[in-house]
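This briefing covers helix packing, strand pairing and the surroundings of the ligand. The sequence and the structure come first.

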Amino acid sequence: MVILGAGPAGLVLGNLLRDSGIDCVVLERADREHLRSRARAGYLAADTVRILERHGLADGLHRAGRTHGTCEFRTEDGRFRLDYGRLGRGERHTVYPQQELVTDLLNRFVDAGGRIRFETEALAVHDADGPHPTVTAREPDGRPTRWRGRYVAGCDGRHGAARRSLPPGALRHHHDHGATWLGLLVQAPPSLDAVGYAVHRRGFAGHMARTAEVTRYYLQCDRGTPADAWPEERIWHELDLRMRAADHGPLHRGPVIHRTVVDLDSDVVEPLRHGALLLAGDAASVLSPSAAKGANLAVLEAELLAEALVDDLAHGYPRALDQYSRRCLAHIWRAQEFSHWMVRLLHAVPGPYGRSPFEDSLRRARLESLRTSRTHQDWFAENYVGV
Ligand code: RFL
């Protein structure tokens, strides 16, 4: 079994297969240090935590993660809080930075004798329509190599070799939400004890705790803005205005330690299985980060895929593998639907004729419904924490 990519999807899959005695190798383009420091997600759903617990992969997040169950919306009409941990199914997030989770998964895999090749870039998957697929790769010294396995798991993200190797018939749904975020990691404690979503005429701003010393902020910016375009002064000025710091309290400032620009788009590959090539995580579908679902789906899909592969390879039952794509797509489209709803709740995206007062009024009505309707709040909570 060859696994492409050592993100949450590839490493959960690798650990579960190894624990079941299935021989596998993980090919990872980056070096170990890069994996340990790549900051992305932070909010793990209750289902994700249960999956990690079930397989003995949750020690780190139990030690250092913090549960979280409140979000705050700030709008021109004031602010309101939703204790989503008490709404819907009564479930909370666990805040645990993705790079910590990846480090835990990697350590556990390597300690158990798992094989991983760092700085080895997969180039293409070949012969996926037969029983002997291969992967061509480039070793750290530039040498080409070829890897064989009964199956290849494409867990190498949206720009990886798995997607490039899909047969012409594969369907790729793509939706551009039109909005762009400047994502910032700031060396400062969180400014509020809630996830903060600010809807403002100047654009969206978001606040998400990461650790006691590091906080993530997002600022909507124009498409094409380079990550380093805004000086720190401008960043804090915009955050103060959009988060309405003058009304609701100052933000804790600190140096910006990381910047990234994210165009909000979504896509889904259908199906997730193409013969011996199976997709999971971002390689299968990408969600806008507005609803914090990507890493959670990656873990869920990795568990479903591991179970199906063990059924097939260890017990000779191919049924779960045949159903893998259909089962994942049901979760993926639910998550896509909710994150699409979140994008429209939080942003004014100028259309071809500029800003639409009609859309602005719809968004205001949506927020008002969320503020006042318990039914709407329960629906929100269930979708916000669930995968
Ligand atoms: P990953 O984590 O991208 O890992 C893929 C791995 O594959 C390697 N790779 C290759 N290896 C070999 N050969 C090749 N040709 C290769 N090409 C790539 C890469 O080096 C990498 O190590 O994919 P995976 O495992 O599917 O996990 C997906 C998640 O990382 C992603 O969905 C989330 O980070 C999305 N996301 C969030 N998800 C959440 O659930 N909660 C959040 O709070 C959250 N916040 C975020 C996010 C994504 C963000 N960005 C940067 C888009 C915040 C941001 C800013």
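Two strands pair if DSSP finds at least two bridges between them. Helices (H or I, at least four residues) and strands (E, at least two) are DSSP runs, numbered from the N terminus. The model is predicted: local features need pLDDT of at least 70, side-chain atom pairs count only at pLDDT 80 or more, and totals for chains, interfaces and linings use all residues. Residue numbers start from 1 along each chain as its sequence is written.

**Eight-stranded sheet**

- An open sheet of 8 strands has the order S6-S5-S14-S15-S16-S13-S17-S20, with mixed pairing.
- S6 and strand S20 (285-286) are the edge strands, each pairing on one side only.
- Strand S15 (residues 205-209) and strand S16 (residues 214-221) run antiparallel and are joined by 5 bridges; Ala205 has Leu219 in S16 as its bridge partner.
- Helix H7 (residues 232-242) packs on this sheet and touches strand S13 (171-187), S14, S15, S16 and S17. The direction of H7 makes about 85 degrees with that of S16.
- Strand S5 (residues 71-75) pairs with strand S6 (residues 78-82) in the antiparallel sense over 5 bridges. The two form a hairpin with 2 residues between them, and Phe73 stands opposite Phe80 in S6.
- S5 also pairs with strand S14 (residues 195-198), in the parallel sense and over 4 bridges. Here the bridge partner of Cys71 is Val195 in S14.
- In a regular strand, side chains alternate between the two faces of the sheet.

**Three-stranded sheet**

- An open sheet of 3 strands runs in the order S9-S10-S11 with antiparallel pairing.
- Its edge strands, each pairing on one side only, are S9 and strand S11 (144-148).
- Direction ignored, neighbouring strands of this sheet are turned by 25 degrees against each other on average.
- S9 and strand S10 (residues 134-138) run antiparallel and share 5 bridges. Glu121 has Arg138 in S10 as its bridge partner.

- Two packed helices are described by the angle between their axes and the distance between the axes. Axes are lines fitted to C-alpha atoms, for helices over the stretch in contact, and angles run from 0 to 180 degrees between N-to-C directions.
- Angles under 35 degrees count as roughly parallel, over 145 as roughly antiparallel, 65 to 115 as roughly perpendicular and the rest as oblique. Two residues are in contact if their C-beta atoms, placed from the backbone, lie within 7 Å.
- A crossing is left-handed if the near helix is turned anticlockwise from the far one by less than a right angle, and right-handed if clockwise.
- In the classes used below, Ala, Val, Leu, Ile, Met, Phe, Trp, Tyr, Cys and Pro count as nonpolar, Asp, Glu, Lys and Arg as charged, and the others, Gly among them, as polar.
- H1 and H9 pack with their axes 8 Å apart at an angle of about 30 degrees, which makes H1 roughly parallel to H9. The crossing of H1 past H9 is right-handed.
- On the H1 side, Pro8, Ala9, Val12, Leu13, Leu16 and Leu17 take part in the contact; residues of H9 that they meet include Ala295, Ala298 and Val299. The contact of H1 with H9 has 13 nonpolar, no polar and 2 charged residues.
- Helix H3 (residues 46-54) packs against H9 at about 40 degrees, with the axes 9 Å apart; H3 and H9 are therefore oblique to each other. H3 passes H9 in a left-handed crossing.
- Asp47, Thr48, Ile51 and Leu52 of H3 make this contact with Asn296, Val299, Leu300 and Glu303 of H9. By class, the residues of the contact of H3 with H9 are 4 nonpolar, 2 polar and 2 charged.
- H9 and helix H10 (residues 319-346) have axes that come within 9 Å and cross at roughly 170 degrees, so H9 and H10 are roughly antiparallel to each other.
- Among the residues of this contact are Leu297, Leu300 and Glu301 in H9 and Ala320, Leu321 and Tyr324 in H10. The contact of H9 with H10 divides into 12 nonpolar, 1 polar and 5 charged residues.

**Ligand shell**

- A residue is near a molecule or strand if its C-beta atom, placed from the backbone, lies within 6 Å of it.
- There are 36 residues around the ligand, of which Gly5, Gly7, Ala41, Gly281 and Gly294 come nearest.
- Helix H1 (8-19), strand S9 (121-126), strand S17 (256-270) and helix H9 (294-315) each supply at least two residues of the shell. H9 gives the largest share, 4 residues.
- The shell around the ligand has 17 nonpolar, 12 polar and 7 charged residues.
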